[in-house]
Amino acid sequence: MTLAIAPSETSPAPLSDLVARDAREFGVYARTGGWAFGLMVARSVRPGGQGADETPKVSAKEFAELAGCSADRVMRYYKAWDRAADDGLVPHFEALAPGQEVEELPDADVWLTYYVSRNSATSERGTAIAEAAEAEGIRPTKALEVAENPTALRAAILADPSTARAARQALLDRVREDPDLQAELARDVVRTDDLKKAVATESRSADRIGYVRQIAESGQIKTPAGQTVDAPADLRQEAERHLSLLDELDEDEDTGEWATEAYGTMKTLVVEAVEADPELRVQERRTKFYSSLQKATKVFEELTFDDAQDFYEDDMVQQLEELQQAIGACITSLRDARENQPHG
């Protein structure tokens, strides 16, 4: 009986020339990116102003028809190569002939600096977007892609908190220079109950933080009666302590609770400071009295009796008589207080 012994190793299949060619072309593109295709255009498409009888090169339109793509796409490669040639990175069109190779092309990443894949980049809007992208240190093509697909941008904002935060910051930066956008956002806020409440809450927190900051930075307090006086040293130190705690909060932390605590503490300390100073306490009460007197006087002056016969009621007269008695008692008290003051 004869036994067939299988070989321990299979012989490799012969390498296909097509596979080898693909691998070589892939390697060229991996190293050079769009430069490889830019070179094909640069050496095959004749420059503007050069006649067909002067060169074996063809027009961008003819090249596009042969390639099965649009002339616009060919011209984007053409313009990218032209810009790079002006910067001395690659040879000019006139120095290249069909089929000619360039020994060393720039790195693939550099291509994106010169090539703009979208027609919108040539518009005024596209130019502004590209300039803003460069200022932010990103490729213009990325920003243009986002600008041309607002639905994708909306989806990213809705799905991803970090994208939403970036969009919020960008809007805030834009709002400072765009009055129309300011007005639109303001209308959106007041028309949305949840946003309106949130703005009111944040505004209240900001006012309370401002109150604490004013004491810490100016060293002055405003009393309940409205007097502005120098703050005691310990009160100012307490304001500075609370302010430092507030300033150390992360941007995304809720300041509401901290602001409320700081504000309440400072309000209490201000009242205690007023009560602890006899002279300030008297001045505070005097200020409160004058304020109430001025308000009462203004209210009474606004009363008109020209048409009293049309709305006269007995209780009106009764209230005025009681008011007259109260005013008389007040005048008597003030006169007694004046007579009882020590004379120097």
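This is a predicted model: local features need pLDDT of at least 70, side-chain atom pairs count only at pLDDT 80 or more; totals for chains, interfaces and linings use all residues.
Start with the whole chain. Its secondary structure comes to 16 helices and two strands. Of its 344 residues, 23% are buried. The chain exposes about 25100 Å², and carbon and sulfur atoms supply 53% of that area. Now look at contacts between residues with a separation of 6 or more. Residues 24 or more positions apart account for 55% of them.

Next, go to helix 12, which covers residues 233-247. Histidine 242 has its place here. Is histidine 242 buried or exposed? Its relative accessible area is 6%, and buried means under 20%, so histidine 242 is buried. Leaving aside neighbours within four places in sequence, histidine 242 is in contact with Val212, Ala262, Thr265 and Met266.

Helix 12 also holds charged residues. Glutamate 240 forms a salt bridge with arginine 236, and the closest N and O atoms are 3.7 Å apart. Why are these two separated by about one helical turn? Because they are four residues apart in helix 12. An α-helix has 3.6 residues a turn, so residues three or four places apart point the same way. Glutamate 240 is partly exposed, at 37% relative accessible area. Arginine 236 is partly exposed too, at 31%.

Aspartate 247 forms a salt bridge with arginine 213, with the closest N and O atoms 3.1 Å apart. This pair links distant parts of the chain: aspartate 247 is in helix 12, arginine 213 is in helix 11 (residues 193-218), and 34 residues separate them. Aspartate 247 is partly exposed, with a relative accessible area of 48%. Arginine 213 is also partly exposed, at 29%. Glu217 joins in as well: Arg213, Glu217 and Asp247 are linked in a network of salt bridges. The structure holds ten salt bridges. Another one of them pairs arginine 174 with aspartate 178, the closest N and O atoms being 3.3 Å apart. Aspartate 178 counts as buried, at 16% relative accessibility.

Now move to helix 14, residues 278-301. It has 24 residues and reaches 35 Å from its first C-alpha to its last, close to the expected 34 Å. At its start, a side-chain oxygen of aspartate 277 reaches to within 3.1 Å of the backbone nitrogen of glutamate 279. Phenylalanine 300 is found in this helix. It counts as partly exposed, at 42% relative accessibility.

Together with Leu303, Phe305, Leu320, Leu323, Ile327 and Ile331, Phe300 makes a nonpolar surface patch of about 600 Å². Helix 16 (residues 314-340) gives the largest share of this patch, four residues.

Key
Residues are numbered from 1 along each chain as its sequence is written. Side-chain values use heavy atoms; hydrogens and water are left out. Patches are made of residues with over 30% relative accessible area and no salt bridge: like charges are joined within 9 Å, nonpolar side chains (Val, Leu, Ile, Met, Phe, Trp, Tyr) within 5 Å. Accessible areas come from the Shrake-Rupley method with a 1.4 Å probe; for residues, only the protein chains shown count as cover. A salt bridge is a side-chain nitrogen of Lys or Arg within 4 Å of a carboxyl oxygen of Asp or Glu. Buried means under 20% relative accessible area, exposed over 50%, partly exposed in between (1.4 Å probe, protein chains only). The expected span of a helix is 1.5 Å times one less than its number of residues. A polar contact is a pair of N or O atoms within 3.5 Å; within protein, one must be able to donate a hydrogen and the other to accept it, and residues adjacent in sequence count only if both atoms are side-chain atoms. Contact means heavy atoms within 4.5 Å.
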